[in-house]
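Here is a short briefing on one protein structure. Keep the sequence and the 3D view side by side as you read.

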Amino acid sequence: MKTILRTMLLVIVSPAFALAQANPDWHASFPGFKIAGNLYYVGTADLAVYLIRTPQGNILINGDFAEDVPTIRKSIEGLGFKYNDTKIVLISHAHGDHDEGVGMIQKDTGAEVMVMEGDVAEVQSTAQGRPGAKVNRTLKDGDKVELGGSTLVAHLTPGHTKGCTTWTMQVEEGGKTLNAVIIGSPNVNAGYVLVGNKNYPTIAQDYEKTFNVLNSLPIDLFLGAHGAYFGLKAKYETMKKGGANPFIDPAGYKAYVSEREAAFRKEWERQKQNPPSAGK
Ligand SMILES: [Zn+2]
């Protein structure tokens with residue numbers, strides 16, 4: 001009985017835990033592949049991990065759950081790269097499905113971990129399900145991460161977490177420069193309190209800021225923290241057939257962002273009409 005109660009409590013307090021039970025793609029392996037230029041996909045079938053290859057080693061964005069790290073490593077090695085060449089690890093945001101494995105990757109490879117200010121405490125936390133990583137560099141909105149001729153820009157897109165980060169970079173492909181946008185998360189999770197939130201009073205304004213940022217970024221390659229945001233599986237199948245790169249999808253990006261903004265505004269209105277009592 002005690003165990004059942006504890007499990008129920010975990011499900012209630014942890015949206016990530018509840019979803020982990022529901023989405024088999026989270027821990028399913030997926031072939032590593034080149035998206036464009038020096039930008040590669042090395043995540044699971046839904047939990048996105050990006051590898052940026054440079055002559056001075058590689059950058060990884062996200063570490064997924066700790067149990068997914070061997071899968072990520074296999075994808076990296078399957079592309080002919082070395083896991084130990086990981087020099088920098090970044091995250092989309094400090095939730096377990098994107099950052100729990102970061103501590104392990106840092107221990108394995110000695111990579112530097114760089115995290116947006118609002119998420120640093122969560123990434124350094126050693127509580128259960130937290131990465132317990134050492135953050136080597138604290139990032140602010142607009143900061144650049146540079147390695148071996150590649151530059152990533154950290155855009156603060158808060159709300160989902162206080163330090164939620166959308167990463168952008170330019171890649172060269174077939175003589176063209178492409179703008180890649182890796183969305184941190186525009187989602188209002190079940191149970192999120194947008195009105196009268198004592199732990200995060202500016203949460204709704206932060207989501208508004210996030211949609212302003214997402215609407216203003218130059219976009220060719222539409223990517224994000226979960227494969228489901230941008231249709232990873234279907235686009236990968238399309239890509240295998242050859243032809244135009246399906247990840248170049250500014251229309252899909254704009255449709256996704258406006259649909260997510262409408263969902264946020266609808267939920268905000270609902271909570272204004274019917275304010276939640278408390279919560280995170
Ligand atoms: Zn999240």
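Start with the open sheet of seven strands, ordered E1-E2-E3-E4-E5-E6-E7 with mixed pairing. E1 and strand E7 (135–139) form its edges, and each has a single partner strand, so one side of each has no neighbour in the sheet. The twist from one strand to the next averages 25 degrees. Keep in mind that this is a predicted model.

- E5 and strand E6 (residues 112–116) run parallel, joined by two bridges.
- Val-89 has Val-113 in E6 as its bridge partner.
- Helix H5 (residues 102–109) packs on this sheet. H5 touches strand E4 (57–61), E5, E6 and E7. Its direction makes about 165 degrees with that of E5.

**The five-stranded sheet**

- Another open sheet has five strands in the order E8-E9-E10-E11-E12, again with mixed pairing.
- Which strands stand at its edges? They are strand E8 (144–147) and strand E12 (221–224). Each has a single partner strand, so one side of each is left without a neighbour in the sheet.
- Neighbouring strands here are turned by 25 degrees against each other on average, ignoring direction.
- E8 and E9 pair in the antiparallel sense, over four bridges. Val-145 finds its bridge partner in E9, at Leu-152.
- Strand E11 (residues 176–183) and E12 run parallel and are joined by four bridges. Val-181 has Phe-222 in E12 as its bridge partner.

**Strand E12 and the crossover**

- In a regular strand, side chains alternate between the two faces of the sheet.
- From E12, Leu-221 and Leu-223 point one way, while Phe-222 and Gly-224 point the other way. Are these residues buried or exposed? All of them are buried.
- E11, helix H7 (residues 203–216) and E12 together make a right-handed β-α-β unit.
- Thr-210 lies in helix H7. Its relative accessibility is 1%, and buried means under 20%, so Thr-210 counts as buried.
- Leaving aside residues up to four places away in sequence, Thr-210 touches Thr-157 and Pro-158.

**Helix H9**

- Which residues of helix H9 (residues 232–240) are buried? They are Leu-232, Lys-235 and Tyr-236.
- These residues cover an arc of only 105 degrees around the axis, so they sit on the same side of H9.
- The buried residues of H9 pack against strand E1 (33–36), strand E2 (39–41), E12 and helix H8 (227–230). E1 and E2 belong to the seven-stranded sheet, and E12 belongs to the five-stranded one.
- Just after H9, Gly-242 takes a positive phi of about 90 degrees.

**The zinc site**

- Which residues supply the protein donors of the zinc ion? They are His-93 through NE2, His-95 through ND1 and His-160 through NE2. These donors lie 2.1 to 2.2 Å from the zinc ion.
- In sequence, the donor residues are spaced H-x1-H-x64-H.
- His-95 sits in the loop between strand E5 (86–90) and helix H4 (96–99). His-160 sits in the loop between strand E9 (150–156) and strand E10 (165–173). The pair therefore ties together parts that are 65 residues apart in sequence.
- E5 is a strand of the seven-stranded sheet, whereas E9 and E10 are strands of the five-stranded sheet.
- Both His-95 and His-160 are buried.

Methods: Residues are numbered from 1 along each chain as its sequence is written. This is a predicted model: local features need pLDDT of at least 70, side-chain atom pairs count only at pLDDT 80 or more; totals for chains, interfaces and linings use all residues. Side-chain values use heavy atoms; hydrogens and water are left out. Donors are N, O and S atoms within 2.8 Å of the metal (3.2 Å for Na, K and Ca); water is not among the atoms, so sites may look incomplete. Buried means under 20% relative accessible area, exposed over 50%, partly exposed in between (1.4 Å probe, protein chains only). Two strands pair if DSSP finds at least two bridges between them. Axes are lines fitted to C-alpha atoms, for helices over the stretch in contact, and angles run from 0 to 180 degrees between N-to-C directions. A crossover is right-handed if, with the strands pointing away from the viewer, the path from the first strand over the helix to the second runs clockwise. The arc is that of the directions from the helix axis to the C-beta atoms. Contact means heavy atoms within 4.5 Å.
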